Amino acid sequence: MTTNTAAVKVDGLSKAFETGAAVEGLSFEVAENEFVTLVGPSGCGKSTTLRIVAGLVSPTGGKVYLRGQEVQAPIADVGMVFQSPVLLPWRNTLSNVLFTAEMRGWGPSEYRQRALDLITLAGLDGFEKSYPHELSGGMQQRVAICRALLLNPSLLLMDEPFGALDILTREKMGFELQRIWSASRNTVIFVTHSITEAVLLSDTIIVMTARPGKLKAVILVDLPRPRDTKTLSHPRFVELAAAVRDNIEAQWVE
Amino acid sequence: MTAKRAERVRRVTETTFGFAVIILIWQYGARLAGMPEYILPLPSVIVVRFWQTLAIQLHHLSVTATTTVIGLALSLLVGIPLALSVIYIRPLKAIVLPALAAFNSIPKIAIAPLFVIWFGLGSEPKVLLAFLLGLFPVFVNSVTGLGEIEPDILDLAKLAGGTGLRIFMKVRLMNALPYITDAVKVAFPLALVGSIVGEFIGGNSGVGYLILSGQFNLDTPLVFACLLSITLFTTLAIGAVAVLERIFLRWRPSMRKR
């Protein structure tokens, strides 16, 4: 994954809050069109790292480069999905998806078709005019993903997007995300607690240590795509999942 | 749908019935007790007096209504930008909030006579009083509505390249709308209090003036008739706000269809 044209380069990143260090000396690279997942115990600074990459938070040490440019302010070419869908309650599905275009100052009319296509891709046909409160949690999160993808961002950041969903919906959303992502192949940094989710979705898994978060291991996932429910019982899948688990559990005795 | 309509009919019937019972008890109870008319007039007498003085009522009500609406409009025109300044210019918050809270602890009614000395017997002191009484709820609710935004949505807007103006128009203002309509529902009766108290202490028009002249002549039915017209006016105004809410704020949790 280390190439000269890394999409994202995180270099010796540190972030200390008043309560102590959240991230310490973290370095990794993300190649163009790569799906990278950050896995680690709770509070290991995964979300903080994501926010620093987006330019929403400034680091106390180290640097982040987006295609060679140092990130210093919020980047306007990033799609973001949070753990909660944060849809605007006064907007229907279509209008919520168009929110990012409106924020950029582009007329919704040009993006209407793309929004409708994304809504179809996400399996939300017939819900274009529904308000968030009329949708299930999984559907709301799909709207949030469509909204993040509307402008075809060069980088997509996902902060535990399925963390608030029940286990069945969560599994389904993993496959859905893979399908939606395959259509565009945006560069993705994905944060999760779920080892299954990490192995299923990623090209590369970055395992972080407990707080303060440091790099523990980098695991390349060489499973063929598209991955489906059968992949879950694939020997290589089981092997990789075990490797990720070992790296996380190794910290329990440390 | 029909079940819902039946439910609604039932509710209206119940309310109407409740009111009818109270009016009947009042009507026959007061008569039986031999209550003198200048203490507690019978509902039938009040209605007759209201009807007799309808033209005068309308004239004075229009004066009071104008004062109230102008005062309320001023509360919105000053209260919302003031809330904005507090949100966008952080240091101002430490100055404006305590100053306004301190000012709010002064009973405005108590300084009303001062306004008459300063601004005379015209409509100015009344509008000023209505404005001051309405200002605080509008300001406080606007600060909440414009300020309490999910931080994630602001981050999202920034990452999409949203400028301050776009974020204001499409996120903050929209978020504040229900808070502002709520503020209007609170500020409206307060502004009305301001207008009427203003009319009590000076001038020769408005419902407040009419109530005073009723009291002066021991014309208690007229006083009650005035209360009736004020109530009708308030109900109409609050009803109008409720209708606007039902049209534009259907997404609110309290407005959702169940």
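**Note on the predicted two-chain model**

1. H8(B) and H10(B) run roughly antiparallel to each other, a term used for angles over 145 degrees. The axes of H8(B) and of helix H10 (residues 220-248) of chain B come within 10 Å and cross at roughly 170 degrees; such axes are lines fitted to C-alpha atoms, for helices over the stretch in contact, and the angles run from 0 to 180 degrees between N-to-C directions. Helices (H or I, at least four residues) and strands (E, at least two) are DSSP runs, numbered from the N terminus.

2. This is a predicted model, in which local features need pLDDT of at least 70 and side-chain atom pairs count only at pLDDT 80 or more, while totals for chains, interfaces and linings use all residues. Residues are numbered from 1 along each chain as its sequence is written, and chains are lettered from A and ligands numbered from 1 in the order in which they are written.

3. Among the residues of H8(B) that meet H10(B) are Val184(B), Phe188(B) and Leu192(B), and the partners in H10(B) include Ala237(B), Val241(B) and Leu244(B). The residues of this contact divide into eight nonpolar, two polar and two charged, where Ala, Val, Leu, Ile, Met, Phe, Trp, Tyr, Cys and Pro count as nonpolar, Asp, Glu, Lys and Arg as charged, and the others, Gly among them, as polar.

4. Between the chains, 16 residues of chain B are in contact with 20 residues of chain A, contact meaning that C-beta atoms, placed from the backbone, lie within 7 Å. On the side of chain B that touches chain A, the largest share, seven residues, comes from H7(B), and the residues of that side divide into seven nonpolar, two polar and seven charged.

5. Which residues of H7(B) are buried? They are Leu156(B), Ala157(B), Lys158(B) and Leu159(B), a residue being buried if 20 or more other C-beta atoms lie within 10 Å of its own. Their cover includes helix H1 (46-54), strand S6 (78-81) and helix H3 (99-104) of chain A, together with H8 of chain B.

6. Leaving aside neighbours within four places in sequence, Cys146(A) is in contact with residues including Val97(A) and Leu118(A).

Key:
Contact = placed C-beta atoms within 7 Å. Buried ≥ 20, exposed ≤ 12 C-beta atoms within 10 Å, placed from the backbone. Parallel < 35°, antiparallel > 145°, perpendicular 65-115°, else oblique.
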